There are 2 protein chains.
Amino acid sequence: MPVDHAVPINPAALRQARAGVLSRDEADRLAKLLGVLSDPVRSRLLFALVSVEELCVGDLTLALGDVSEDQTSYALKQLRGAGLVQTRRDGRIINYRLADGFPHQLLEHCLRQLLTITEEGA
Amino acid sequence: MPVDHAVPINPAALRQARAGVLSRDEADRLAKLLGVLSDPVRSRLLFALVSVEELCVGDLTLALGDVSEDQTSYALKQLRGAGLVQTRRDGRIINYRLADGFPHQLLEHCLRQLLTITEEGA
DNA sequence: GGCATATCCGTACATCCGTGCGAATATGCG
DNA sequence: CGCATATTCGCACGGATGTACGGATATGCC
């Protein structure tokens, strides 16, 4: 039987929780961005780019070592669509770099911290 | 025609990039965790829980306001599977809270910062 | 014991996402 | 102009994922 549950069980805590909840819009934007980050190829590409000025698709493929150039190209396209990387054409070569204003500390600090959390759990 | 691209175009930068790249294992773990976070319902549940001791499924559903109890239940199951939340049974009511050792600053600092980034882009 | 409530499960369904393959575009070189 | 290289595109396939619905389970109350 479907449940209505119109009556809060802990009204005080509920009020407090509501204050911290993101709006639907904010949560959607955040989810979209995290979705872009939640792919091994894409996150590794960002980590490859964080310590270097710029690199072309072929060299980025070599940097990862175990992906095809198609995968790299597709992943870069997603990252570019999310505004996380920029391109600079140099003849036939297209160089990718982290976008202007990209928070480098996000990679080096936040995401690496996330990694240590999962380490503890495993 | 498929491309081999055995020759790096920028060997120096490539060497530097390789140093920063995550291993396949690390990237997979990170991607899995980010995948759990990259859902509006799940992230909003975490933000609801960050400022409160614990809440039951029904009240969490009310806190979000625009999701079904099934959605809440399913999302909490995912979060629990990832080790991000814990449960405490109290009679018929099952209360959820952030897991022990959960980095509260991750929500309040890192993820909210991510939100501001996308604001600029939009 | 019998009923109401809180939560969860199993299934079915639609949808999205990453990948591989072949071909196309774009540029440089001779 | 014709060919080689770097990158991207279009398409189809398989796999994973979120949602809805009915029913199951667990607990408390009378």
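Author: Start with a definition. Helices are DSSP runs of at least four residues, numbered from the N terminus. This is a predicted model.

Now take DNA strand D. It is surrounded by 23 residues. The closest are A:Cys56, A:Val57, A:Gly58, A:Ser73 and B:Gly91. Both chains are named in that list. Which element gives the largest share of the surface near DNA strand D? That is α5(A), with five residues. At least two residues each come from α4, α5 (69-81) and β3 (93-98) of chain A, and from α5 (69-81) of chain B. By class, the surface near DNA strand D has nine nonpolar, seven polar and seven charged residues.

Next, the two chains. Chain A can be laid on chain B by a turn of 180° and a shift of 0.0 Å along the axis, with an RMSD of 0.1 Å. That is how a two-fold axis relates two copies. The same surface serves both: 100% of the contact residues of chain A recur in chain B.

How many residues does the contact take from each chain? It takes 58 from chain A and 58 from chain B. On the side of chain A that touches chain B, these elements give two or more residues: α1 (11-20), α2 (24-37), α3 (40-50), β1 (55-56), α4 (57-64) and α6 (104-121). The largest share, 11 residues, comes from α2(A). That side of chain A has 33 nonpolar, 14 polar and 11 charged residues.

Methods. Residues are numbered from 1 along each chain as its sequence is written. Chains are lettered from A and ligands numbered from 1 in the order in which they are written. This is a predicted model: local features need pLDDT of at least 70, side-chain atom pairs count only at pLDDT 80 or more; totals for chains, interfaces and linings use all residues. Copies are superposed by least squares on the C-alpha atoms of residues with pLDDT of at least 70 in both. Two residues are in contact if their C-beta atoms, placed from the backbone, lie within 7 Å. Ala, Val, Leu, Ile, Met, Phe, Trp, Tyr, Cys and Pro count as nonpolar, Asp, Glu, Lys and Arg as charged, and the others, Gly among them, as polar. A residue is near a molecule or strand if its C-beta atom, placed from the backbone, lies within 6 Å of it.
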